[in-house]
Amino acid sequence: MAKRIDVSGLHVYYGDFLAVEDVSMTIEPRSVTAFIGSSGCGKSTFLRTLNRMHEVTPGARVQGKVLLDDQDVYGSEVDPVAVRREVGMVFQRPNPFPTMSIYDNVIAGAKLNNQRLNKSAADDLVERSLRGANLWEEVKDRLGRPGAGLSGGQQQRLCIARAIAVEPSVLLMDEPCSALDPISTLAIEDLISELKENYTIVIVTHNMQQAARVSDVTAFFNLAGTGKPGKLIEMGETNKIFTKPEKKETENYITGRFG
Amino acid sequence: MSAPTQLSEPIAEDARMAAPNTLSLGGSLPRFTPPVTLAVLLLVSAGALFLLDAWNPAVLVIVTAVAYMVVITLASVIVENSRKAKDRLVTAVVYVCFGIAMVPLVSLLWTVLAEGIVRLDGYFLSVSMNGVTPSMDAGGAYHAVLGTLVITGIAALISVPIGLMTAIYLVEYGRGRLKTAITFFVDVMTGIPSIVAGLFVVALWIMIFGPGETNGLAGAISLSVLMIPVVVRSCEEMLRLVPNELREASYALGVPKWLTVLKVVLPTAIAGITTGIMLALARVIGETAPLILTAGSSAVAINANPVEGQMMSLPVFIYSQVRMGGAINYERAWAAALTLIAIVMLLFFVARLVSRFFAPKAR
Ligand SMILES: Nc1ncnc2c1ncn2[C@@H]1O[C@H](COP(=O)(O)OP(=O)(O)OP(=O)(O)O)[C@@H](O)[C@H]1O
Ligand SMILES: [Mg+2]
């Protein structure tokens, strides 16, 4: 199920503004890759190009290549909608659909696409996804209640359940814990460690400890200066990046020294 | 001394409730003071006005309001403190302003109700004016009610899809020149005087069907010219209120844009959209001028066919009755006005129900 992502020579533009310059990297399947770096260096921008979500932003475009296993994500015959089914996404702020119950939120991917699911298949999918997101025990008695009535941490896990219910092969998470308390954060980190058995996971985080705790590989992005594009500075095993990084910039960022 | 006392006032108030005769400095007036003062002052001013032989309800209200403001402020300065006195004075001023604002509304509703109820009955709502001479004590507005329902119904059928789809285009798809142009034209349309809309449809009809033809459909089209921009505007606003995060959440699940709009954006905004549509309907249901030009003003018989012959409507009915000028005509006009208001209220009631039914629920 999990797929490898191969990025080569990727540039991302917002109109004429070059936001991310020349990124090449390989993201291994069944692993967690963390993106770290200062604010505005293009982590979110780059992440969103992996499932073509950037195309939602008017004027955003890319140059370069992204391969999912061996399929070109930007191939001319590829439908961005199909890419997003393969590469799911969890956002910084939990965003369950307010008009839907918990149950319907989980199967939203199928429902919104007008796929017919019979009752038992749907029940099954809901339970499997909610268990997968470690939320089942907390909500199994109130599946008919609105998803917006859950706590922030529960809502975020509901969003993860919704993302895994469409059975993607890659899961992108953009600061999924930044709106959550430490307990919910731990719950989600545990969940990420479990999910990596089956998915390729990419997570953007500003929390170094979190990157160190959950990720196998860490990629450090930085800006060359204000107004300059963001760049991938260094990427390697998390242990190595956090103990003896090759580049001075990385070391400065990780130890909290800048400039 | 003052700051701590003020902070502990809620508690002090409770204590005072237990022992009501603590009338010390910094105490407070009993809770029933304002209504009682008001009632006493009302009686006193009424008596005074009677004695002075200047009885007049408006004067009574004004005298009472002013006297109340003076008395309650003085009482509060003496018994309580100046901060509370200001609070009482401003509270009184706010209530008076609220009352002033309510005067036209209440008086309008009251007049329509009082005058309209005279003639509004089952008979009035079930017969037309066919064969009734203007001063006969007979006839009703059934044909006008029917005409209003048919004409505004058709206007809604035309305007809601066009308006809603335009709004969806503007919010979800529109880019560049075309979007700017459409926004501009919608703005211009909002400002069209209603009689010009009627004139436009008359010209259109003459061009297509030759002179002299008027019917309900022409009326409905002139109303939709007025209604479309209102629908576009309110739907646009409601669609913009839907957070972008929801759209992105949907795209991220591999849902195409059109399904996202149809199944995420519209349901989330549906409550506001219904209210907006109802407001637009309420706005055009009372339009008179364009209907006089397009649907005709002399129909007396029941006509449910919008493409054949003149069609009466409630506002035009009111207009033509008032123009006849007899006492009975005024009665009919008031009864029709009451019916029209009742229909509008019903619309708002339905809109409320729909909003409540569809509104996103948190729990
Ligand atoms: N929609 C947009 N239009 C134009 N420029 C944008 C847009 N979104 C982001 N940018 C620019 O692209 C650059 C990278 O932004 P991005 O959001 O990817 O940063 P980030 O690394 O995710 O930051 P953070 O850690 O604060 O989330 C910034 O200079 C930003 O101003
Ligand atoms: Mg970001």
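Which residues of chain A does UniProt assign to the feature "domain: ABC transporter"? In this predicted model, the unreviewed UniProt entry places that domain at residues 5–254 of chain A. Chain A as a whole contains 11 helices and 10 strands. Its C-alpha atoms fill a box of roughly 55 × 45 × 30 Å along the principal axes. A compact globule with 259 residues would have a radius of gyration near 18 Å, and chain A therefore agrees with that expectation, since its own value is 18 Å.

Chain B presents another composition. It has 15 helices and zero strands. Along the principal axes, the C-alpha trace of chain B spans about 85 × 70 × 35 Å. The radius of gyration of chain B is 29 Å, but a compact globule of 363 residues would have one near 21 Å.

An unreviewed entry lists "domain: ABC transmembrane type-1" at residues 145–351 of chain B. That span is 80% helix and 0% strand, with its end C-alpha atoms 20 Å apart. The feature "transmembrane region", also from an unreviewed entry, is placed at residues 58–77, 89–113, 144–170, 182–208, 214–232, 264–285 and 333–354 of chain B. Among these, residues 58–77 of chain B are 100% helix and 0% strand, and their end C-alpha atoms are 29 Å apart. Residues 144–170 of chain B are likewise 100% helix and 0% strand, with a distance of 37 Å between the end C-alpha atoms.

The packing of the helices in chain B can be followed pair by pair. Two packed helices are described by the angle between their axes and the distance between the axes. Helix H7 of chain B, residues 142–173, packs against helix H8 of chain B, residues 176–190, at an angle of about 135°. The axes of these two helices are 10 Å apart. H7(B) and H8(B) are therefore oblique to each other, and H7(B) passes H8(B) in a left-handed crossing. On the H7(B) side, the contact involves B:Thr166, B:Tyr169 and B:Leu170, which meet B:Leu178, B:Lys179, B:Ile182 and B:Thr183 of H8(B). By class, the residues in this contact are four nonpolar, two polar and one charged.

A second pair joins helix H12 of chain B, residues 257–285, to helix H15 of chain B, residues 327–358. Their axes come within 8 Å and cross at roughly 175°, so H12(B) is roughly antiparallel to H15(B). H12(B) contributes residues including B:Ile270, B:Ala271, B:Met278, B:Leu279 and B:Ile285 to the contact. From H15(B), the contributing residues include B:Leu340, B:Ile343, B:Leu347, B:Phe348 and B:Phe358. The contact of H12(B) with H15(B) has 16 nonpolar, three polar and no charged residues.

H15(B) also packs with helix H14 of chain B, residues 314–324. The axes of H14(B) and H15(B) come within 8 Å and cross at roughly 160°. These two helices are therefore roughly antiparallel to each other, and H14(B) passes H15(B) in a left-handed crossing. On H14(B), the residues in contact include B:Leu314, B:Pro315, B:Phe317, B:Ile318 and B:Gln321. Their partners on H15(B) include B:Asn329, B:Tyr330, B:Arg332, B:Ala333, B:Leu340 and B:Ile343. The contact of H14(B) with H15(B) has 12 nonpolar, three polar and one charged residues.

How values were computed: Residues numbered from 1 in each chain as written. Chains lettered and ligands numbered in written order. Predicted model: local features only at pLDDT ≥ 70, side-chain atom pairs only at ≥ 80, totals over all residues. Heavy atoms only, no water. UniProt positions renumbered as here; feature names shortened; annotations may be inferred. Axes fitted to C-alpha atoms, helices over the stretch in contact; angles between N-to-C directions. Helix = DSSP H or I, 4+ residues; strand = E, 2+ residues; numbered from the N terminus. Parallel < 35°, antiparallel > 145°, perpendicular 65-115°, else oblique. Left-handed = near helix turned anticlockwise from the far one by under 90°. Contact = heavy atoms within 4.5 Å. Nonpolar A, V, L, I, M, F, W, Y, C, P; charged D, E, K, R; others polar. Rg over C-alpha atoms; globule rule 2.2 N^0.38 Å.
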